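Let's take a friendly walk through a protein chain and look at how some of its side chains meet. Have the picture open beside you as you read.

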Amino acid sequence: MRKSQLGEFEELVLLTIAALHEDAYGVAIKNEMETRLNRGISIGALQTAFKRLEDKGFIDSRLGEPTQKRGGKRKRYYQISPIGVQTLEEIRDVRSQLWSAIPQVVLDLNK
């Protein structure tokens, strides 16, 4: 695993940014996460996650063009970096290995 670990929320934000690809900006990310997780997400928590992910080098951001609809304000778009992709792949592999290691009897006990 990487030296700089991800918390669960950061991982979900990173996955959502990757899933939205070119449409990954604050409100779209918030809406996508709320829909998929079926729970509310605070914009403050998202802003903190964006800052941490950018500081760790897992995402990059850029400002879009100003629009009249937004009163001349520009959206900040987020994009997963190569290090972010590599980190998600490592996390996926570890989770897959752990799931594969669980004996079926354990999973059947809770049914």
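Please keep in mind that the model is predicted.

## Aromatic pairs

A pair of aromatic rings is described by the distance of the centres and the angle of the planes. In this structure there are two aromatic pairs. Tyrosine 25 and tyrosine 77 make an edge-to-face pair, with 5.7 Å from centre to centre and 65 degrees between the planes. Where do the two partners sit? Tyrosine 25 belongs to the loop between helix H1 (8–20) and helix H2 (26–37), while tyrosine 77 belongs to strand S2 (residues 76–80), so the pair ties together parts that are 52 residues apart in sequence.

Phenylalanine 50 and tyrosine 78 form a stacked pair, with centres 4.1 Å apart and 25 degrees between the planes. This pair, too, links distant parts of the chain: phenylalanine 50 is in helix H3 (residues 43–55) and tyrosine 78 is in strand S2, 28 residues apart. Are these two residues buried or exposed? Both phenylalanine 50 and tyrosine 78 are buried.

The ring of tyrosine 25 has another neighbour to look for. The charged end of lysine 75 sits over this ring, 3.9 Å from the centre of the ring.

## Salt bridges

Side chains of opposite charge can pair when their charged atoms come close. How many salt bridges does a search of the whole structure find? The search finds six salt bridges, and the table shows some of them.

| Glutamate 32 | Arginine 36 | 2.5 Å |

Glutamate 32 and arginine 36 are four residues apart in helix H2, so about one helical turn separates them. Glutamate 32 is partly exposed, at 21% relative accessible area, whereas arginine 36 is exposed, at 63%.

Aspartate 55 and lysine 51 are four residues apart in helix H3, so they too are separated by about one helical turn. Both aspartate 55 and lysine 51 are exposed.

Arginine 92 has a relative accessibility of 53% and counts as exposed.

Which residues make the nonpolar surface patch? Trp99, Ile102, Val105, Val106, Leu107 and Leu109 make the patch, with an area of about 580 Å². Helix H5 (residues 104–109) gives the largest share of the patch, four residues. Isoleucine 102, a member of the patch, is in the loop between helix H4 (82–101) and H5. The relative accessible area of isoleucine 102 is 31%, so this residue is partly exposed.

## Two residues with positive phi

Now for the backbone. Most residues other than glycine have a negative phi, and most peptide bonds are trans. Histidine 21 is not a glycine, yet its phi is positive, at about 50 degrees. Histidine 21 is in the loop between H1 and H2, and a relative accessible area of 53% makes this residue exposed.

Asparagine 38 also has a positive phi in a residue other than glycine, near 55 degrees. Where is asparagine 38 placed? Asparagine 38 lies in the loop between H2 and H3. With a relative accessible area of 69%, asparagine 38 is exposed.

Lysine 73 is in the loop between strand S1 (59–63) and S2. At 53% relative accessibility, this lysine is exposed. Leaving out residues up to four places away in sequence, lysine 73 touches Glu65, Pro66 and Thr67. Lysine 73 and leucine 63 are ten residues apart in sequence, and their C-alpha atoms are 9.6 Å apart in space.

Isoleucine 43 is in helix H3, and this residue is partly exposed, at 42% relative accessibility.

Conventions. Residues are numbered from 1 along each chain as its sequence is written. This is a predicted model: local features need pLDDT of at least 70, side-chain atom pairs count only at pLDDT 80 or more; totals for chains, interfaces and linings use all residues. Side-chain values use heavy atoms; hydrogens and water are left out. Rings of Phe, Tyr and Trp (its six-membered ring) pair if their centres lie within 6.5 Å; planes under 30 degrees apart count as stacked, over 60 as edge-to-face and the rest as tilted. Buried means under 20% relative accessible area, exposed over 50%, partly exposed in between (1.4 Å probe, protein chains only). A charge sits over a ring if NZ of Lys or CZ of Arg is within 6 Å of the ring centre and within 35 degrees of the ring normal. Contact means heavy atoms within 4.5 Å. Patches are made of residues with over 30% relative accessible area and no salt bridge: like charges are joined within 9 Å, nonpolar side chains (Val, Leu, Ile, Met, Phe, Trp, Tyr) within 5 Å. Accessible areas come from the Shrake-Rupley method with a 1.4 Å probe; for residues, only the protein chains shown count as cover. A salt bridge is a side-chain nitrogen of Lys or Arg within 4 Å of a carboxyl oxygen of Asp or Glu.
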